[in-house]
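This briefing outlines the fold and then turns to selected residues. Please consult the sequence and the coordinates shown here alongside the text.

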Amino acid sequence: MAMQVAMGCALNAETRTKGLGSKCRNEHEKAAWADCLKLYESTILQLNHTLTGKCSDFDAQTWLSTALTNLDTCRAGFVELGVSDFVWPLMNNNVSKLISNSLSVNNGSTEKQTYRDGFPTWMKPGDRKLLQSSSVTPNLVVAQDGSGNHRTIKAALDAAAKRSGSGRFVIHVKSGIYRETIEIGNKMKNIMLVGDGLRNTVITGSRSVGGGSTTFNSATVG
């Protein structure tokens with residue numbers, strides 16, 4: 001019941017947040033507001049996971065903790081950019097408190113994670129083999145010299161988004177320095193990026209709070 005109430009309030013809060021975009025007075029407020037839209041979408045997705053009844057108490061605790069962190073990250077964006085005085089108060093609600101109550105009701109903290117051969121037992125055999133394999137057959141190859149399917153990681157991800165099915169999709173990113181900011185998001189599932197080594201395949205971005213991005217939105221790969 002507590003999680004259902006939290007879900008209802010989160011949906012209402014998301015709708016209200018969408019309507020506040022026109023009230024943003026500058027680019028900093030707009031950046032923090034845009035983050036909150038993404039974070040509410042993630043929060044609703046994570047609350048849905050807990051309500052399906054298909055996850056353990058341990059998993060539910062993880063999803064609820066993540067949902068609560070999302071809302072704190074939303075607030076942090078306004079604080080970091082020094083614009084917490086106008087739009088953020090209009091977004092104020094009790095969703096965080098409701099999720100916190102749900103965490104208290106859930107008893108997942110007493111459940112221990114179990115492992116087999118060094119991997120969590122929930123991991124599928126096929127995924128374990130992918131992580132253990134020294135050579136993986138990719139679905140797409142990214143190479144800056146044109147020897148692959150795409151020259152940029154973003155182009156490969158755009159192609160992956162159009163695929164049929166939802167199985168594991170492997171993208172091999174060949175050696176090179178890729179100056180891109182990669183956003184995979186919630187709607188692209190089971191994407192696996194494989195490089196040519198720590199110092200050979202490098203993805204680098206330049207977003208920062210000083211440059212007008214929030215910490216949340218400054219990730220090079222997210």
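Leaving out residues up to four places away in sequence, Thr 43 touches Ala 67, Asn 70, Leu 71 and Ile 99. These contacts belong to a predicted model, in which Thr 43 is part of helix 2, a segment covering residues 27–51. The points below begin with the chain as a whole and continue with individual sites.

**Overall architecture**

- The protein chain contains seven helices and seven strands.
- Read from the N terminus, the elements follow the order α-α-α-α-α-β-β-α-β-α-β-β-β-β.
- Along the principal axes, the C-alpha atoms of the protein chain fill a box of roughly 50 × 45 × 30 Å.
- Among contacts in the protein chain with a separation of 6 or more, 67% are made by residues 24 or more positions apart.

- The protein chain has 222 residues, of which 33% count as buried.

**Helix 2: Ser 42 and Thr 43**

- Thr 43 counts as buried because its relative accessibility is 0%, below the cut-off of 20%.
- Ser 42 is also placed in helix 2; with a relative accessible area of 13%, Ser 42 is buried.
- Not counting residues up to four places away in sequence, Ser 42 touches Asn 70 and Asn 186. Asn 70 is likewise one of the residues touched by Thr 43.
- Ser 42 and Leu 130 are 88 residues apart along the chain, and their C-alpha atoms are separated by 27 Å.

**The aromatic pair**

- The structure holds one aromatic pair. The rings of Phe 78 and Trp 88 have centres 6.0 Å apart and planes at 35 degrees, so this pair is tilted.
- Phe 78 lies in helix 3 (residues 57–80) and Trp 88 in helix 4 (residues 87–90), so the pair ties together parts that are 10 residues apart in sequence.
- Phe 78 has 0% relative accessibility and therefore counts as buried, whereas Trp 88, at 22%, counts as partly exposed.

**Strand 4: His 172**

- His 172 is located in strand 4, which covers residues 169–173.
- The relative accessibility of His 172 is 18%, so this residue counts as buried; the cut-off for that class is under 20%.
- A polar contact of 2.7 Å joins the side chain of His 172 to the side chain of Asp 196.
- Leaving aside neighbours within four places in sequence, His 172 is in contact with Pro 138, Leu 140, Val 141, Val 142, Val 194, Gly 195 and Asp 196.

**Helix 6: Leu 131**

- Leu 131 has its place in helix 6, which covers residues 125–132.
- With a relative accessible area of 52%, Leu 131 is exposed, because the cut-off for that class is over 50%.
- Not counting residues up to four places away in sequence, Leu 131 touches Phe 119, Met 123 and Met 192.
- Leu 131 and Phe 119 are 12 residues apart in sequence, and their C-alpha atoms are 10.0 Å apart in space.

Conventions:
Residues are numbered from 1 along each chain as its sequence is written. This is a predicted model: local features need pLDDT of at least 70, side-chain atom pairs count only at pLDDT 80 or more; totals for chains, interfaces and linings use all residues. Side-chain values use heavy atoms; hydrogens and water are left out. Helices (H or I, at least four residues) and strands (E, at least two) are DSSP runs, numbered from the N terminus. Buried means under 20% relative accessible area, exposed over 50%, partly exposed in between (1.4 Å probe, protein chains only). Contact means heavy atoms within 4.5 Å. A polar contact is a pair of N or O atoms within 3.5 Å; within protein, one must be able to donate a hydrogen and the other to accept it, and residues adjacent in sequence count only if both atoms are side-chain atoms. Rings of Phe, Tyr and Trp (its six-membered ring) pair if their centres lie within 6.5 Å; planes under 30 degrees apart count as stacked, over 60 as edge-to-face and the rest as tilted.
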